[in-house]
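Visitor: I'm new here, so could you walk me through this one and tell me what makes each label fit?

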Amino acid sequence: MSVKGKVWKYGDDVNTDVIFPGKYTYTIKERSDMAKVALEDLDMEFNKNAKPGDIIVGGKNWGCGSSREQAVSCVKERGIAVIIAKSFARIYYRNCFNEGLPIIVCPEAVDAINMGDEVEVDFESGVIRAGGKEFKFPAYPEFVQGLIKDGGLIPHVKKSLGLA
Amino acid sequence: MGKTFAEKALGRAAGYDVVANQVVTVEPDWCMSHDNGAPIARTFKKIGVKNVWKPERIVFILDHAVPAPSSDHAVNHKEVREFVAEQGVKHFYDVTSDGGVCHQKMCEEGFALPGLIMVGSDSHTCTYGAYGAFSTGIGRSEMAAAWATGKIWFKVPESMKVVVTGKFKPGVSAKDFILKFIGDVRADGADYMSVEFHGEGIENMSIAERMTLCNMGIEFGAKNAVCRPDQKVLDAIKKNAKCDRWEPLWADEDAVYAAEYHYDLGDIEPGVAKPHKVDNYGPISEVKGTKIHEAFLGSCTNGRIEDLRAAAAIMKGKKVAVRTIVIPASWIVYRQAMKEGLLDVFLDSGCVICNPGCGPCMGNHEGILAPTEAAISTANRNFKGRMGDKESFIYLASPMMVAASALKGEISDPREAL
């Protein structure tokens with residue numbers, strides 16, 4: 001599988017409060033409504049204009065802070081194809097796989113990519129293509145590949161319990 | 001080669017010897033959820049399993065917005081109550097005088113115990129390391145899956161050793177130390193790691209101070225944070241341990257660490273986290289005199305009786321210059337503060353005392369800021385918009401500094417108010 005999309009690039013330590021503000025945690029319940037407030041306290045341009053297939057590129061420690069999974073759901077529901085970052089905060093990292101949202105850790109690619117660039121990611125061969133350059137990233141552990149293939153943790157658990 | 005705390009705790013739970021970076025699947029001793037139990041219950045139902053794996057291992061504590069400030073929140077609470085009844089969830093703390101902030105309740109009710117594996121659908125679940133537990137925050141899907149299967153996977157983390165010696169000078173506290181430490185190691189300093197606090201500096205601290213340290217573990221990326229379960233902890237849990245599965249565990253002398261830091265508490269001075277990041281440390285000399293509009297004393301980080309005593313000692317007989325919100329972390333703390341006359345001190349000073357809960361910490365209610373306003377707060381996060389408005393500013397500080405600043409209406413050095 002490969003994806004190609006326009007980049008929204010941000011810096012280090014982008015936290016879950018600016019991705020999905022805390023004041024909405026118990027008032028917004030539908031995933032489609034979560035998508036509407038995505039990145040509201042970080043970048044209103046993204047909030048208004050991000051399109052399905054677009055790609056988010058972040059610095060180190062993307063998604064630090066709260067464990068709120070809506071900070072992943074809102075991005076996934078918005079149709080973001082993949083998040084590429086220098087590193088991810090631990091709970092966000094797990095939440096992405098549990099939601100079936102692909103993420104890539106690749107500091108070299110992050111340094112080479114600018115806001116608005118067109119970037120291609122080939123998941124089969126583990127390659128990011130940006131600005132005429134190629135950046136390799138390692139394959140996910142087998143367990144994580146299974147999660148992504150099944151569409152996240154809940155479908156994966158259903159399948160493993162024979163309830164799918 | 002010796003073992004770290006994380007290797008011992010996860011190995012004990014897995015039933016075999018483990019080393020860092022190995023993936024293990026374990027059964028959690030406790031699964032804690034708060035108001036977000038409602039959306040987790042909806043996700044749980046999608047799995048198609050009729051009953052949770054062990055209703056006696058599940059804890060629900062309503063705290064994030066209590067009593068419900070809106071119809072949406074009320075519906076949320078209603079769904080939690082229905083799920084608790086339907087599944088026979090054994091440990092439920094509703095909006096009653098048995099309640100309080102979830103992490104405070106988990107500790108004071110005897111759930112937090114040495115050596116246990118504790119997961120919570122809240123990032124500050126790492127607080128229970130103050131009692132020697134391996135505790136960490138997880139997302140909603142993961143909690144729903146844990147309820148259904150009784151299992152959760154972990155990569156055994158590498159560990160960071162923080163060795164602390166010495167004693168605080170007057171006017172300085174555990175919050176000042178942890179804010180300085182986070183400023184040094186940065187917000188990702190311990191990403192994916194287990195953080196162990198060692199040394200006589202920690203032994204000298206109360207459990208409340210250790211809770212402040214472990215609570216802030218997530219703010220520098222830790223998977224869990226932990227202190228050695230010493231006699232103080234063993235004495236504290238004697239009266240109400242909620243199970244007998246616990247066992248005191250600690251790292252071996254020759255355990256291997258990915259990083260090691262040394263601090264002397266005597267070198268620490270009062271300091272804050274400036275807007276809008278927790279690792280944006282500033283010593284008091286840099287921020288002194290900054291105008292504030294609100295002071296907040298409370299939260300799972302600093303809403304304990306020890307914190308209220310420290311703040312009241314500074315406020316006693318004086319009037320606050322800005323609106324000051326005091327929220328004891330639980331009704332047990334509230335009652336104790338009442339008995340000790342601390343609530344009178346706060347009321348005489350002009351503070352507003354709210355019912356135990358998370359209050360304004362995450363922007364739900366009870367002290368939301370207006371655009372351009374600044375607050376000084378004893379909570380754990382100062383992210384943009386955290387207290388409800390993205391044009392407002394939050395300075396994180398110790399209870400003593402919050403009290404001293406409330407009296408002057410500007411960020412003030414607590415050492416001058418003692």
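Visitor: What makes the sheet in chain A an open one, and in what order do the strands come?
Guide: Seven strands of chain A form an open sheet in the order 4-3-2-1-5-6-7, with mixed pairing. Strand 4 (103-105) and strand 7 (133-136) of chain A stand at the edges, each with a single partner strand, so one side of each has no neighbour in the sheet. From one strand to the next, the twist averages 30°, with axes being lines fitted to C-alpha atoms and angles running from 0 to 180 degrees between N-to-C directions. By the way, this is a predicted model: local features need pLDDT of at least 70, side-chain atom pairs count only at pLDDT 80 or more, and totals for chains, interfaces and linings use all residues. Residues are numbered from 1 along each chain as its sequence is written, while chains are lettered from A and ligands numbered from 1 in the order in which they are written.

Visitor: How do you know that strand 1 and strand 5 of chain A pair?
Guide: Two strands pair if DSSP finds at least two bridges between them. Five bridges join strand 1 (residues 2-9) to strand 5 (residues 118-122) of chain A, and the two run antiparallel, so they count as a pair. V3(A), for one, has V121(A) as its bridge partner in strand 5 of chain A.

Visitor: What counts as a helix or a strand, and how many are in each chain?
Guide: Helices (H or I, at least four residues) and strands (E, at least two) are DSSP runs, numbered from the N terminus. Chain A has eight helices and seven strands, and chain B has 15 helices and 18 strands.

Visitor: What about strand 7 of chain B: which residues are on its covered face?
Guide: In strand 7 (residues 152-155) of chain B, I152(B) and F154(B) make up the covered face, with W153(B) and K155(B) on the uncovered one. In a regular strand the side chains alternate between the two faces of the sheet. Strand 1 (residues 23-26) of chain B is joined to strand 7 of chain B by four bridges, and they run antiparallel. One of the bridge pairs is V23(B) with K155(B).

Visitor: Why is E79(B) called partly exposed?
Guide: E79(B) has 17 other C-beta atoms within 10 Å. A residue is buried if 20 or more other C-beta atoms (placed from the backbone) lie within 10 Å of its own, exposed if 12 or fewer, and partly exposed in between, so E79(B) with its 17 is partly exposed. E79(B) lies in helix 3 (residues 71-87) of chain B. Not counting residues up to four places away in sequence, E79(B) touches A38(B) and A41(B); touching, or contact, needs C-beta atoms, placed from the backbone, within 7 Å.

Visitor: How do you know that the radius of gyration of chain A agrees with a compact globule?
Guide: The radius is taken over C-alpha atoms, and the globule rule is 2.2 Å times the number of residues to the power 0.38. With 164 residues, the rule gives a value near 15 Å, and chain A has 15 Å, so the two agree. For chain B, with 418 residues, a compact globule would be near 22 Å, and its 20 Å agrees. Buried residues make up 51% of chain A and 62% of chain B.

Visitor: How many residues of each chain are in contact with the other?
Guide: 33 residues of chain A are in contact with 43 residues of chain B. On the chain A side, helix 5 gives the largest share, six residues.

Notes: Two residues are in contact if their C-beta atoms, placed from the backbone, lie within 7 Å.
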